[in-house]
Amino acid sequence: MNLQPVIGLETHVQLKTKTKMFCGCSAHSENVAPNTNVCPVCMGHPGTLPLPNEQAIRWAVLLGLALNGQITPHSKFDRKNYFYPDLPKAYQISQFDLPIMTEGEVELDDIPGEEPRIIRLERMHLEEDAAKNIHGEDGKTYVDYNRGGTPLCEIVTAPVFETAAQAKAYVHELRLLVRTLGISDGDLERGHMRCDVNISLREVDENGVPLSPMLSPKTEIKNINSFRHIERAIAYEVKRQTELWEAGTPPDKTFTRGWNDAKQVTEEQRAKEDSADYRYFPEPDVPPLELASIAKEIKPRMPELPAAKRARLKNEYGFKAEDIRMIVEDPALVDFTEKAMSELGAWLQAKPDVSPDQMPEARAKLTKTFSGWLLSKLMGLLEERKIDIRTMKLSPENFAEFVSLIADNKLTGPKGLEVLAKMLDSGADPSHVMEELGANRMDDMTALEAIVKTVIEENPKEADRYKAGETKLMQFLVGQVMKISKGNADPSKTAQAIKNILG
Ligand code: ZN
Ligand code: MN
């Protein structure tokens, strides 16, 4: 039997508005005592009225446009009725038949080991979050209403994923998108993004063509909040359902399950409600939403989206795919890269010793030098110091000048790292720091040979062993020259000088 997974995702993204969706309570309750960000509106007291958050609506439209979807011109809110302690009104204000957006898409051009593909989106709607149930060690369940009423955008894909890698790549891209738009922090671990994974299997022939156009009843795995859990829950569920199919008893009903990370299994929670069970009806206390004019106003102000950024970093500067992946992850890093690269471009252009036909090769080499120093060296220094790129003292202009000195061979690698660290700590420009550190790359053979002679005098045994064929001592000898030259000796020229003298 050939079985193929059919996976769809529903992702809730928490918008980072100052206040909640329908009241003036703060929407930020991290490190806040339970049940303090609450008021009669979000606690569902009788006689209160919801007042929609304009910022949340504008951001939802912005997201809809960024997802390349159709913005519903006349939209509205609806009540979704269910009775549960996390919902004090006994209904959630959500959207039923006229969501903010329909028919969107996300292009995934960076799935590890797979071809690019377009993920079709069915819809995106705006709603308020439920409160949070906390299961105490005393066996009781407590409810924290701080989260209740926080604005959420729910994005629903068509059942188009076949692998966990595709699902992960999609959530990754969605996170990047909401961060780029500045509408959510998108931290899965902190609950800013939560995924429901819908999954069923279908029988396909040996060419992967489905035997029936009908989809089997799906299982919905609720509230997954990490990339690792998405992957493991999908793997577990594919295995579980495969066994049911092979035993001749494929799932015949839609079920809701939860991911239990401690046990590494999904667990049955309940048979899934139909939308009819929720008795949706239009929310009478909130006027309809006229979105066409908002969309028209917002569209021209759309920032550059991640896919376009990736294309530009590739075409304009020639960065490698894996470097682009790292840079695009953080909008501040993209900004820094572009500022520094534009400085470097101007510097290269003005160099008298590079002819126009040598320019493409010189540019490619410079990009490589730049990404090496940015992504491994600078990022490493930032991590050591626990500094954020947004708050660091190093300016893109100074970093560009630093890279130009490396490219011009005015600084050795080891000395360069020292200079860069100092620039990071003081905010000074590289020529200043080089002067202060006495940094000046030595590549003059006569001068290097003089230092090599001193090293041999001080370490006669090692020099003899090297001469007798112990070539691994080269590293030791180079190290000694480095020490005397305070890191300024060019490593490959030093090795040459040692060979010149010891043979
Ligand atoms: Zn409130
Ligand atoms: Mn929802």
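A cavity is a set of points, on a 1 Å grid over the protein atoms alone, where a 1.4 Å probe fits but cannot get out, and its lining residues have an atom within 4 Å of a point. The structure is a predicted model in which local features need pLDDT of at least 70 and side-chain atom pairs count only at pLDDT 80 or more, while totals for chains, interfaces and linings use all residues. Residues are numbered from 1 along each chain as its sequence is written, ligands are numbered from 1 in the order in which they are written, and side-chain values use heavy atoms, with hydrogens and water left out.

**Cavity**

- A search of the whole structure finds 1 cavity of 30 Å³ or more.
- The largest cavity holds about 60 Å³ of space, where a volume is the space filled by probe spheres set on grid points joined across faces, edges and corners.
- Its lining consists of Cys-42, Asp-86, Leu-87, Pro-88, Lys-89, Glu-128, Asp-129, Ala-130, Ala-131, Gly-148 and Gly-149.
- By class, this lining has 5 nonpolar, 2 polar and 4 charged residues (nonpolar: Ala, Val, Leu, Ile, Met, Phe, Trp, Tyr, Cys and Pro; charged: Asp, Glu, Lys and Arg; polar: the others, Gly among them).

- The ideal angle for four tetrahedral donors is 109.5 degrees.
- Cys-23 is buried, with a relative accessible area of 12%, and Cys-25 is buried at 8% (buried means under 20% relative accessible area, with a 1.4 Å probe and protein chains only).

**Sheet**

- An open sheet of 3 strands has the order S5-S4-S15, with antiparallel pairing; strands are DSSP runs (E) of at least two residues, numbered from the N terminus.
- Strand S5 (91-94) and strand S15 (281-282) are the edge strands, each pairing on one side only.
- Strand S4 (residues 78-81) is joined to S15 by 2 bridges, and two strands pair if DSSP finds at least two bridges between them.
- Asp-78 has Pro-282 in S15 as its bridge partner.

Conventions
On a 1 Å grid over the protein atoms alone, a cavity is a set of points where a 1.4 Å probe fits but cannot get out, and a pocket is an open set with protein on both sides within 12 Å along at least five of seven lines; lining residues have an atom within 4 Å of a point. Buried means under 20% relative accessible area, exposed over 50%, partly exposed in between (1.4 Å probe, protein chains only). Helices (H or I, at least four residues) and strands (E, at least two) are DSSP runs, numbered from the N terminus.
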